[in-house]
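Please read the points with the model open beside you.

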Amino acid sequence: MKARDGTRRGWARVWAGMLAGAACVVAGPAGIAAPVSYVREVAPILQRHCNGCHHPGKAKGDVDLTSVASLRRAGRHGAPVVEGKPGESVLLSEVQGAEPAMPKDGKPLSAEQVAVLERWIREGAADDTPPSPPMPTEPPVYASPPVLGAVDWSGDGRWLAVAGRGEVLVFDARSMLRVRRLLGAPRKVDALRFSPDGATLAVLGGEPGVRGILQCWKVEGWRRTVHAEAGHDLLMGLDWHPDGTRIACGGADRTVRVMSARDGSVMASAGVHSDWVRGVAWVDDGRRLVSGGRDRSLRLLEGVTLGLLDVINREGEPVGMVARRPGSEQVAFAGGESRAWLYQAFARPSAADPGQDPNHVREFDVWQGGSTALAFSPDGQWIATAGAPAGVTVQKVEGGGRVVSLPGHEGVVFGLAFDAQGKRLATAGIEGRLRIFSMPQGTLLTNGVPVEVGTVAGGGSAKEARGR
Ligand code: HEC
């Protein structure tokens, strides 16, 4: 039982460490006179119960409840929130009474939640969201190798992008020289991915307990074209719609979002999970979306409305990264307790025996501390999985035979990506090292820290190729 406990906690501990900020964000002691915090107390209630119908992309009743500014803006019957005046705030009258009008068709808010909203308005409805950090002009200086949260190759084989701390490092995929540092990326990057046409790099993350961030960078000139803040917690797990116009993502606020790649606006938003949404993947040519959460469920959603169609899995583990297997309607997820799992992304046959797991296809290598990342080769024949304590293996999806084990990792791997030809696999993680292996031999081609560590301020960075 002890061992099982250790296994269960391994991955959770890693994430708790990674997201220490999120874990620590709790309200002050109840009943003490500290003012109600919008970002920590009010926003999570609205996000959970209201914003699925009241965000800029879908403002029912002309009401957008996603920011303090929009809460103060007049709707059809006045502003939802009038500072200092609970009696005049439509937001409150809508959620009070024996049969509250809002949330429409949902379970009424608890008396405590209504009291929090009431007190916040009475105290002046202040916005305590910390201001966005200014755009840096100098690259960060690292005292130790940074955690590398994500990695991706562009489909045309020209670029490799790696997430650092508050920046993204871009390499020429042939010479492996670093050609760019994209400054002003989210402080914590959870995921990054090139668009299907290779012209845009999407970067996702944020500041735990403060804000979620989606950015798009045009590869030509490496200009940032989108910086969008959504919600008040980290955004996690991203997938480009096959037509390249939008991006789906999950988040620590238990919300699945679809955001425009043109301007970052939220096109759809749904609170369909009861815990962090760690991964998403489009299926059925972008008509449907699969989302996976720490609540152990893999859910099939309608691609436009994000309405829940079905829960795909029956047994399972906390769901980490989710990926579609190329050329199929199958999705895999990294299981937080033991291994990666593969499922058919269909709605479950309704006649199925409830004791079975009819969409389950197979699972892959067992990792003592849980699986932390996965990636399919472009032809969908191989799956690479990473796990804790530290390791990466590549297996055949059909049959599950081992292709190769990649040695040398000394810390948990969060980023895994095959290049477009399936000839190279990049790995990155806690160690701060970017490794590239040849496939299927598993020969180590590159192994290095992608930034200068301990560089004296003002000192040159000799290794940086200043390509333009
Ligand atoms: C399932 C969708 C849905 C959810 C969830 C929802 N609303 Fe609404 N809301 C609506 C619709 C639709 C309207 C337009 C008026 C109507 O049809 O009742 C509306 C209108 C409103 C209005 C404007 C009322 C007016 O008279 O102008 C407010 C304020 C409001 N909602 C607050 C909330 C709050 C607060 C929550 C969460 C506790 C919430 N809503 C959750 C659908 C929703």
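1. The crossing of helices α3 and α6 is left-handed; a crossing gets that name if the near helix is turned anticlockwise from the far one by less than a right angle, and is right-handed if clockwise. Helices (H or I, at least four residues) and strands (E, at least two) are DSSP runs, numbered from the N terminus.

2. Some ground rules for what follows. This is a predicted model, in which local features need pLDDT of at least 70 and side-chain atom pairs count only at pLDDT 80 or more, while totals for chains, interfaces and linings use all residues. Residue numbers start from 1 along each chain as its sequence is written.

3. The geometry of the helix pair can be given in numbers. Two packed helices are described by the angle between their axes and the distance between the axes. Helix α3 covers residues 38-49 and helix α6 residues 111-122; they pack at an angle of about 125 degrees, with axes 10 Å apart. Axes here are lines fitted to C-alpha atoms, for helices over the stretch in contact, and angles run from 0 to 180 degrees between N-to-C directions. α3 and α6 are therefore oblique to each other; angles under 35 degrees count as roughly parallel, over 145 as roughly antiparallel, 65 to 115 as roughly perpendicular and the rest as oblique.

4. Which residues make this contact? From α3 they are Tyr38, Glu41, Val42 and Ile45, and from α6 they are Gln113, Val116, Leu117 and Trp120. Contact requires C-beta atoms, placed from the backbone, within 7 Å. By class, the contact of α3 with α6 has 6 nonpolar, 1 polar and 1 charged residues. Ala, Val, Leu, Ile, Met, Phe, Trp, Tyr, Cys and Pro count as nonpolar, Asp, Glu, Lys and Arg as charged, and the others, Gly among them, as polar.

5. The ligand has 23 residues around it, and Cys50, Cys53, Lys60, Gly61 and Met102 come nearest. A residue is near a molecule if its C-beta atom, placed from the backbone, lies within 6 Å of it. Helix α5 (residues 90-95) gives the most to this shell, with 4 residues. The shell divides into 11 nonpolar, 7 polar and 5 charged residues.

6. Met102 also takes part in a cis peptide bond, to Pro103, with omega near -5 degrees. Pro103 is found in the loop between α5 and α6. Another cis peptide bond joins Ala388 and Pro389, with omega about 5 degrees, and Pro389 lies in the loop between β24 (382-387) and β25 (391-396).

7. β7 is joined to β8 (residues 200-207) by 6 bridges, and Lys188 has Gly206 in β8 as its bridge partner.

8. A further open sheet of 4 strands runs in the order β27-β28-β29-β30, also with antiparallel pairing. Its edge strands, β27 (413-418) and β30 (444-448), each pair on one side only. β27 and β28 (residues 424-429) are joined by 5 bridges, and Ala417 stands opposite Ala426 in β28.

9. In that sheet, β29 (residues 434-438) and β30 pair over 4 bridges, with Ile436 opposite Thr446 in β30. Their hairpin has 5 residues between the strands, and Gly442 takes a positive phi near 85 degrees there. Arg254 has a positive phi of about 65 degrees although it is not a glycine; Arg254 lies in the loop between β12 (246-251) and β13 (256-260).

Definitions and conventions:
Pairing = 2+ DSSP bridges. Contact = placed C-beta atoms within 7 Å.
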